[in-house]
Amino acid sequence: MPRDQVHVHGHVPLPPEQVWQVAGDFCAAWHPAIREIVVERDTRGALIRAFRVHGEDTLYREQLTYRSDSDRVLGYTHLEGIAGCEAYDARFSVAPAEGGGSSVLWTAAIRAPAVRLGQIAEGTRAVFEAGIATLAVLRVAPAPAVQPLPHPMGSTSMMVDDLPRLALSVTPETGGRTLCLFLHGIGGARGNWLPQLGQAGRLMRAAALDLRGYGDSTLGPRQSTVDDYCADIMRLRSVLGADRLVLVGLSYGSWIATSFAMRHPELLAGLVLSGGCTGMSEAGPEEREAFRLSREVPLNAGQVPADFAPAVVKVLAGPEADEATRQALHASMAAIPAATYRDALVCFTNPLERFDFSKLTMPVLLMTGEHDRLAPPAEIRGIAGRIWDQAPHPSVQFEVIAGAGHVCNVECPESYSRILTGFLEALPR
């Protein structure tokens, strides 16, 4: 099938944040061609705009496939309306322009029979040019003030006493059948998630788990594997009576969450990955072994995590982290038993597969801290792009949390919670 691409670039005098305030609203009727527009959601919660244009009765429908408010980028795909169009995927981005104002780039990749391809491309170019010209003369009202987060839902501690024992903090039932489950990092514990747990619990039942050997959970009888962690998630799903899950991971927890998604994509209503995703699954054997040995050196010398926690916090914390945040990160690391830390290291450096992102059928949110040294924004942005390219029906969001280091949910809990709850609100519950 013949293909063509349309690239339209323009300059808008307004600063990027004001342009994005208008154009970043996927379902707003700011384009002069739009006569009427209606907001829809598919069964997964992915955003769809259904609209008609002046002078036509045709109904056009487009689905948002990618969004990043921090990068000011959105992508969308054509669902119906353009006659003879086999595929149509567009991308809109706003960036600071040299000399002031904004640089706007609007592109589309089109696949259609030769008899229609040129007409569709020509029409697309005209639509994009008219849209950028409209943005150039818009008057934008000041952005609304950010409102305080609602009062969080309370939680209680719960033990699942089968072996190994699993400890979790859980919010009350809401009447829905979806459970939001939080998975901490290799140096954390369920308490790291309490601010997010309370906010998620307003929308659906939520739980934060102490992974095997952490906090009040116990290790299993043998070395843990990622399949063991996935089995623990399945146990909690059964115990808490959930049909579907939203997994929210940080670092090591993100790798576990993605591993679960590879095995049980049909059970996930959503996937949230922060400070990581692929773990060591794309590293070679020598790199994985060097990673494990370097971190086992202090353990083999008789030290425990409390001994090297100060050095770890220096790597984890961003430059803007205050003393209270650094103390919280130190306390999490210092509380880990040496056997648990060694168990997690061996598991992490022995991944069972390289991830196949074409299996991700659920909406995916990826976040990382602006100052994350272990999962820098460029790396996680790249993974978000790969999921966008490879997922069969992508619904991807990527955000950089300003000012945060690796444990972004602890360093910037309010910013993290706002992005998370915005994602959760759109999901079926």
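Me: Is Glu40 buried, partly exposed or exposed?
Reply: Keep in mind that this is a predicted model. Buried would need a value under 20%, and exposed one over 50%. Glu40 comes in at 27% relative accessibility, so it counts as partly exposed.

Me: Which residue does the side chain of Glu40 meet in a salt bridge?
Reply: Glu40 sits in strand S2 (residues 34-41), and its partner lies in strand S4 (residues 60-68), so the pair ties together parts 21 residues apart in sequence. The N to O distance is 2.9 Å, and the partner is Arg61.

Me: And Arg61 itself, buried or exposed?
Reply: The cut-off for buried is under 20% relative accessible area. Arg61 has 19%, so it's buried.

Me: What is the distance between the closest N and O atoms of Glu80 and Arg61?
Reply: Here's another link between distant parts of the chain: Glu80 is in strand S5 (residues 73-80) and Arg61 in strand S4, 19 residues apart. Glu80 counts as partly exposed, at 35% relative accessibility. The two form a salt bridge, with those atoms 3.3 Å apart.

Me: Which helix holds both Glu414 and Arg418?
Reply: These two form a salt bridge, with the closest N and O atoms 2.9 Å apart. Glu414 is partly exposed at 43%, and Arg418 is partly exposed at 28%. They lie four residues apart, about one turn of the helix, and that helix is H12.

Me: How many salt bridges does the structure hold?
Reply: Some share partners, and these join Glu289, Arg292, Glu296 and Arg342 into one network. For the structure, the count is 23.

Terms used:
Residues numbered from 1 in each chain as written. Predicted model: local features only at pLDDT ≥ 70, side-chain atom pairs only at ≥ 80, totals over all residues. Heavy atoms only, no water. Salt bridge = Lys/Arg side-chain N within 4 Å of Asp/Glu carboxyl O. Helix = DSSP H or I, 4+ residues; strand = E, 2+ residues; numbered from the N terminus. Buried < 20%, exposed > 50% of the residue type's maximum accessible area, 1.4 Å probe, protein only.
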